[in-house]
Amino acid sequence: MKILVLCTGNSCRSQMAHGFLQSFDGSLEVRSAGTAPAGCVHPLAVRVMAEAGIDISNHTPRNVEEFLHEPWDYVITVCGGAEKSCPTFFGKVAHRLHIGFDDPAKFAGDENLVLEGFRRVRDEIRERFYAFYRQEM
């Protein structure tokens, strides 16, 4: 099963979803990408995923254009921006889904408040992607 998870920057939400999907089932081929990829995975995304026992520290943001010619069982957008600007795939895409989340990179406030926001989004991603996995696999 091939799954591509998309967001705008590919620095938080899509990286977390990527990590969770791989943790649910090692036989899944999971990639994540962005329509305007950031320079690196957000350090707080790495931190909160490590708290959940998942290491995404070696992940790097990638551009969706790298994956447009490949066939996918699922292309899943996790932000409204990626859903609206999702490019045309030239390879076969069996299913397109949108499972949206708040962007933790845009949270403001002191470090503890921002960290709590990252944890909330991480937990929402785990819950909704596990439900997707249980239903679709």
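In which helix does Ser 14 lie? Ser 14 lies in helix H1. Helices (H or I, at least four residues) and strands (E, at least two) are DSSP runs, numbered from the N terminus.

This is a predicted model: local features need pLDDT of at least 70, side-chain atom pairs count only at pLDDT 80 or more, and totals for chains, interfaces and linings use all residues. Residues are numbered from 1 along each chain as its sequence is written, and side-chain values use heavy atoms, with hydrogens and water left out.

**Helix H1**

H1 covers residues 13–24. Its end C-alpha atoms are 17 Å apart, which agrees with the 16 Å that its twelve residues should span at 1.5 Å a residue. The expected span is 1.5 Å times one less than the number of residues.

Nine of the twelve residues of H1 are buried. Buried means under 20% relative accessible area, exposed over 50%, and partly exposed in between (1.4 Å probe, protein chains only). Among the buried residues are Arg 13, Gln 15, Met 16 and Leu 21. Their cover includes strand E1 (2–7), strand E2 (29–34), helix H2 (43–51) and helix H4 (111–136).

Ser 14 is buried, at 0% relative accessible area. Its side chain makes a polar contact of 2.8 Å with the side chain of Asn 10. A polar contact is a pair of N or O atoms within 3.5 Å; within protein, one must be able to donate a hydrogen and the other to accept it, and residues adjacent in sequence count only if both atoms are side-chain atoms. Leaving aside neighbours within four places in sequence, Ser 14 is in contact (heavy atoms within 4.5 Å) with Val 5, Leu 6, Cys 7, Ser 32, Ala 33 and Val 78.

**Helix H4**

H4 has 26 residues and reaches 37 Å from its first C-alpha to its last, close to the 38 Å expected. Asp 110 caps its N-terminal end, with a side-chain oxygen 3.0 Å from the backbone nitrogen of Asn 112. Its buried residues include Val 114, Leu 115, Phe 118 and Ile 125. E1, H1, H2, strand E3 (72–77) and strand E4 (93–98) are among the elements that cover them.

**Aromatic rings**

The whole structure holds eight aromatic pairs. Rings of Phe, Tyr and Trp (its six-membered ring) pair if their centres lie within 6.5 Å; planes under 30 degrees apart count as stacked, over 60 as edge-to-face and the rest as tilted. Phe 20 and Phe 24 are stacked, with centres 6.2 Å apart and planes at 20 degrees. Both lie in H1, four residues apart. Phe 129 and Phe 132 are edge-to-face, with centres 6.2 Å apart and planes at 70 degrees. Phe 129 is buried at 0% relative accessibility, and Phe 132 is buried at 5%. Phe 20, Phe 24, Tyr 130 and Tyr 133 form one aromatic cluster.

**Salt bridges**

The structure holds 13 salt bridges. Each is a side-chain nitrogen of Lys or Arg within 4 Å of a carboxyl oxygen of Asp or Glu. Three of them follow.

| Pair | N to O distance |
|---|---|
| Lys 2 and Glu 70 | 2.9 Å |
| Arg 47 and Glu 51 | 4.0 Å |
| Glu 116 and Arg 119 | 2.6 Å |

Glu 116 and Arg 119 are three residues apart in H4, about one helical turn. Salt bridges that share partners join Arg 47, Glu 51, Glu 111, Glu 116, Arg 119, Arg 122, Asp 123 and Arg 126 into one network.
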